[in-house]
Amino acid sequence: MSATGSPAPPCSRSWSISEDSLRRYVHFASESCIQELLSASASDSDRGIGGGGDGWKVQGVENGVEISKRRSGSLHTFRSRWLLRSLSPQQFITVANAIDAAKQWDSDLVEARYIKDLEDNLSIIRLRFGDNSKPLFRNREFIVYERRETMEDGTLVVAVASLPKEIAAGLHPKQSNAIRGLLLQSGWVVEKLEDDSCVVTYVVQLDPAGWLPKCFVNRLNTKLVMIIENLRKLAQASPTHHAQI
């Protein structure tokens, strides 16, 4: 009870874990995320009737970007794929991994910063959306890990997903006016082609948390996959790209 006789507000649970334990957890969790991303990038969307075994359905092609989705529980997972000519995987992923430039390709984002670097290729990041963001993003934040791996064939994979809420609360307490959403298995797969071009696959499943009609959540996911266009423009405008032309 508080001094005024009213019940005290409930305390949110948080776990304080060592950096070594956090590193082991993220390594374990990100392995399945990486395999899911590679599976999604290798899968062909079903264009026929009756559905394919992998469940992907093409929703349309916009500006050369193929948008597909498949049902994952109560939400949908969305995937975009694009052939980027005369743009290497390194050029694209350098821009996609530039956390300080994230606001240039996502206008709803007001803050993106590293909380902790666990290894050279493993980081914990906070993403925050503010009062002036679109309704589905307004006052939401995400505490995520980011793992970057290069496969034996040169394919680049960036796996991004939210930490469990108790671990996230221990690393960065939630702001009182913020809603903490969940970014589920998401990330990039960038495959190199022979002519120094690449195929980019972006997969995302997002639960923004709070009460939202399911159709709005799915629209939000559709919007997220289209950020690949903004990233392409940034990559082509980068000094590294011009130096190789």
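Colleague: Why does W188 count as buried in this predicted model?

Modeller: Buried means under 20% relative accessible area. W188 has 5% relative accessibility, so W188 counts as buried.

Colleague: What makes F92 and W188 an aromatic pair that is edge-to-face?

Modeller: Ring centres must lie within 6.5 Å, and planes over 60 degrees apart count as edge-to-face. There are three aromatic pairs by this rule. For F92 and W188, the values are 5.3 Å centre to centre and 70° between the planes, which makes the pair edge-to-face. F92 sits in helix α2 (residues 89-96) and W188 in strand β10 (residues 186-192), so the pair links parts of the chain 96 residues apart. F92 also counts as buried, at 0% relative accessibility. Together with Y202, F92 and W188 form one aromatic cluster.

Colleague: Why is the pair of F129 and F142 called edge-to-face?

Modeller: The cut-off for the planes is over 60 degrees. The planes of F129 and F142 are at 90° and the ring centres 5.9 Å apart, so the pair is edge-to-face. F129 belongs to strand β5 (residues 122-129) and F142 to strand β6 (residues 140-150), 13 residues apart.

Colleague: How do you know whether F129 and F142 are buried or exposed?

Modeller: The limit for buried is under 20%. F129 has a relative accessible area of 6%, so F129 is buried. F142 has 4%, so F142 is buried as well.

Colleague: What makes four residues in the lining of the second largest cavity nonpolar?

Modeller: Ala, Leu and Ile count as nonpolar. The lining includes I143, L163, A168 and L182, so these residues are nonpolar. The lining also has two polar and two charged residues.

Conventions. Residues are numbered from 1 along each chain as its sequence is written. This is a predicted model: local features need pLDDT of at least 70, side-chain atom pairs count only at pLDDT 80 or more; totals for chains, interfaces and linings use all residues. Side-chain values use heavy atoms; hydrogens and water are left out. On a 1 Å grid over the protein atoms alone, a cavity is a set of points where a 1.4 Å probe fits but cannot get out, and a pocket is an open set with protein on both sides within 12 Å along at least five of seven lines; lining residues have an atom within 4 Å of a point. Rings of Phe, Tyr and Trp (its six-membered ring) pair if their centres lie within 6.5 Å; planes under 30 degrees apart count as stacked, over 60 as edge-to-face and the rest as tilted. Helices (H or I, at least four residues) and strands (E, at least two) are DSSP runs, numbered from the N terminus. Buried means under 20% relative accessible area, exposed over 50%, partly exposed in between (1.4 Å probe, protein chains only).
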